[in-house]
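Here are my notes for a colleague who is opening this entry for the first time. Please keep the viewer open while reading.

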Amino acid sequence: MSGLLVVGAVGSTIIVATVAEKKLLNVGKHIESEMIHDLTRLILSLVTVGSFFWVLWQLVQKFLWWMM
């Protein structure tokens, strides 16, 4: 259940950041738009790395459980 909440929170954050980036581009504020774009990329990178290590940890736990 908590995983679903995390996915929803990250997904909505990415959507809001993308909308804000598009609005800033339309207004002509390119520097602010690039900052939001970089922030979005950072969030996605952190989620990807975190997910990778979470899956790796789950595999280690299953392997250790299988060994016992």
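1. Start with Ser 33. This residue lies in helix H2. Please keep in mind that the model is a predicted one.

2. Is Ser 33 buried or exposed? Its relative accessible area is 1%. The cut-off for buried is under 20%, so Ser 33 counts as buried.

3. What does Ser 33 touch, leaving out residues up to four places away in sequence? The partners are Glu 21, Leu 24 and Leu 25. Glu 21 belongs to H1, where it is buried. Please display these residues together with Ser 33.

4. Now look at the other side of this packing. Helix H1 covers residues 2-27. In H1, Ile 14, Ala 17 and Glu 21 are buried. The buried residues of H1 pack against helix H2, which runs over 30-67.

5. How far does H1 reach from its first C-alpha to its last? The reach is 38 Å for 26 residues. That is close to the 38 Å expected at 1.5 Å a residue.

6. Check the residue just after H1. Gly 28 sits there and takes a positive phi, about 105°.

7. Arg 41 is another residue of helix H2. Its relative accessible area is 52%. Exposed means over 50%, so Arg 41 is classed as exposed. The C-alpha atom of Arg 41 is 9.2 Å from that of Ile 14. Along the chain, these two residues are 27 residues apart. Ile 14 is one of the buried residues in H1.

8. Val 49 also has its place in helix H2. Is it buried, exposed or partly exposed? With 43% relative accessibility, Val 49 counts as partly exposed.

9. Step back to the whole protein. How many helices and strands does it have? There are two helices and zero strands. The radius of gyration is 17 Å, whereas the globule rule gives 11 Å for 68 residues, so the protein is more spread out than a compact globule. The C-alpha trace spans about 60 × 20 × 10 Å along its principal axes.

10. Burial and surface come next. Of the 68 residues, 7% are buried. Ser 33 is buried, and so are Ile 14, Ala 17 and Glu 21. The accessible surface amounts to about 6000 Å². Carbon and sulfur atoms account for 77% of that surface.

11. Last, the charges. The protein has 5 positive and 4 negative charges. How far apart are their mean positions? The separation is 10 Å.

Note on methods
Residues numbered from 1 in each chain as written. Predicted model: local features only at pLDDT ≥ 70, side-chain atom pairs only at ≥ 80, totals over all residues. Heavy atoms only, no water. Helix = DSSP H or I, 4+ residues; strand = E, 2+ residues; numbered from the N terminus. Rg over C-alpha atoms; globule rule 2.2 N^0.38 Å. Buried < 20%, exposed > 50% of the residue type's maximum accessible area, 1.4 Å probe, protein only. Areas by Shrake-Rupley, 256 points an atom, 1.4 Å probe, with all protein chains shown as cover. Lys, Arg positive; Asp, Glu negative; His and termini not counted. Charge placed at Lys NZ, Arg CZ, Asp CG, Glu CD. Expected span 1.5 Å × (residues − 1). Contact = heavy atoms within 4.5 Å.
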